[in-house]
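Please look over the sequence and structure before reading on.

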Amino acid sequence: MADALEILNLVKKYDSLIAVNDVTFNVKPGEIFGLLGPNGAGKTSLISTIVTVEKPTSGSVKIFGTDVSVQPRVTKSMTGIVPQEIVNHGFFNIEEILTFHSGYFGIRNNKTQIHFLLHKLGLFEHRHKRVKQLSGGMKRRLLIAKALVHQPKLLILDEPTAGVDIELRQSLWEFVTELRKSGVTILLTTHYLEEAEQLCDRVGIIHQGRLRRVGPTKELIDEFTQRNINLVLSKTTGSLTNKYLTHQDQNKVSFQIPSTMKVGELLAQTQLNVSDIVDLQINEGSLEDAFRRVLGGVE
Ligand SMILES: Nc1ncnc2c1ncn2[C@@H]1O[C@H](COP(=O)(O)OP(=O)(O)OP(=O)(O)O)[C@@H](O)[C@H]1O
Ligand SMILES: [Mg+2]
């Protein structure tokens, strides 16, 4: 089966500015892939070429095996895009907008799907409101509904939770997880790295237009972070010597071990008596730590 998305040596220049610089990666069918990077890294520029809003300077983008610059109508029909910027549609109400948008994809009677989305996104009771009567969070949900009217196989979400409250963010991510279960492939960008860590099977870290790292979320965290182990002992011990020791103060001892090392292995090395341990706290490395390390290493 073809990859859901295949990006090959993609370059996007705006005059002399290279926004996307020779980026290559793929997204597998059924995957949730997170494209992460600081402001101005090139995420939206890359997405704009996928959905043919922008033409690539060079390189190629394929969606389920079809080149977006050769058959854009085909690739557009397979893709749903939730753009980063909210656009006002002024005059029409939510239900009308979704109906017109279905027509744009050649779908005439789409009431079932539209009502399904309105319920799912908590917009049903607001369906007769015009866009200007909606709150920021409701507008964002409308964009998500718009992206899904034609039941795309690939959903691209560019900062879908920017300016969205915590409860709604949670429910949006639950919906994204449900969509994935039903077979939809998802590419998303977000600055909420904790959420990306929970959701994404794989992530790509982009910085100044270059893809610095790509891989399974867990593997990147393991590669770039360490585990911090803090022990409280029932009594003060003599000075410990261990290469992972980072701090010792009376009955408190801290270690930093590789993310793949087991705590038992550390304890065996220190020859501490387990019955002397009053408390043990383990802080695992996070995607945010890994992200900082990856970016720190290139600046
Ligand atoms: N239409 C455009 N014309 C000229 N330069 C642009 C255009 N769009 C983006 N840029 C520039 O390209 C670079 C990448 O911008 P892009 O919007 O892709 O970043 P991003 O990773 O999406 O950032 P953010 O997290 O802030 O959304 C930036 O330097 C930006 O100023
Ligand atoms: Mg952006």
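At 40% relative accessibility, D22 counts as partly exposed, where buried means under 20% relative accessible area, exposed over 50%, and partly exposed in between (1.4 Å probe, protein chains only). The model is a predicted one, in which local features need pLDDT of at least 70, side-chain atom pairs count only at pLDDT 80 or more, and totals for chains, interfaces and linings use all residues. Residues are numbered from 1 along each chain as its sequence is written, chains are lettered from A and ligands numbered from 1 in the order in which they are written, and side-chain values use heavy atoms, with hydrogens and water left out.

**Overall build**

- The protein has 10 helices and 14 strands, which are DSSP runs numbered from the N terminus (helices: H or I, at least four residues; strands: E, at least two).
- Its C-alpha atoms fill a box of roughly 75 × 45 × 35 Å along the principal axes.
- Of the 299 residues, 47% count as buried.

**Positive phi values**

- D22 sits in strand 2 (residues 17–27) and has a positive phi near 55°, although D22 is not a glycine.
- N9, in strand 1 (residues 5–14), is another non-glycine residue with a positive phi, about 45°.
- N9 is partly exposed, at 38% relative accessibility.

**Helix 1**

- Seven of the eight residues of helix 1 are buried, so this helix is mostly covered.
- The buried residues are K43, S45, L46, I47, S48, T49 and I50.

**Largest pocket**

- Rolling a probe the size of a water molecule over the atoms shows where empty space is left.
- On a 1 Å grid over the protein atoms alone, a cavity is a set of points where a 1.4 Å probe fits but cannot get out, while a pocket is an open set with protein on both sides within 12 Å along at least five of seven lines; lining residues have an atom within 4 Å of a point.
- The largest pocket has a volume of about 570 Å³, a volume being the space filled by probe spheres set on the points, with grid points joined across faces, edges and corners.
- Its lining has 27 residues, and V51, V53, G80, I81 and P83 lie nearest the centre.
- Two or more lining residues come from each of helix 1 (43–50), helix 2 (72–78), strand 6 (79–82), helix 3 (94–104) and helix 5 (136–148).
- Helix 1 gives the most to this lining, with four residues.
- By class, the pocket lining has 13 nonpolar, 10 polar and four charged residues; Ala, Val, Leu, Ile, Met, Phe, Trp, Tyr, Cys and Pro count as nonpolar, Asp, Glu, Lys and Arg as charged, and the others, Gly among them, as polar.

**Cavity**

- The structure holds one cavity of 30 Å³ or more, and about 30 Å³ of space lies in the largest cavity.
- The largest cavity is lined by I144, L155, L157, L172, F175 and V176.
- Strand 7 (154–158) and helix 6 (166–181) are the elements that give two or more residues to this lining.
- Helix 6 gives the most, with three residues.
- The cavity lining divides into six nonpolar, no polar and no charged residues.

**Surface**

- F91 lies in the loop between strand 6 and helix 3 and is exposed, with a relative accessible area of 57%.
- F91, F92 and F100 form a nonpolar patch on the surface, with about 330 Å² of accessible area together.
- Patches are made of residues with over 30% relative accessible area and no salt bridge, with like charges joined within 9 Å and nonpolar side chains (Val, Leu, Ile, Met, Phe, Trp, Tyr) within 5 Å.
- A salt bridge is a side-chain nitrogen of Lys or Arg within 4 Å of a carboxyl oxygen of Asp or Glu.
- Accessible areas come from the Shrake-Rupley method with a 1.4 Å probe; for residues, only the protein chains shown count as cover.
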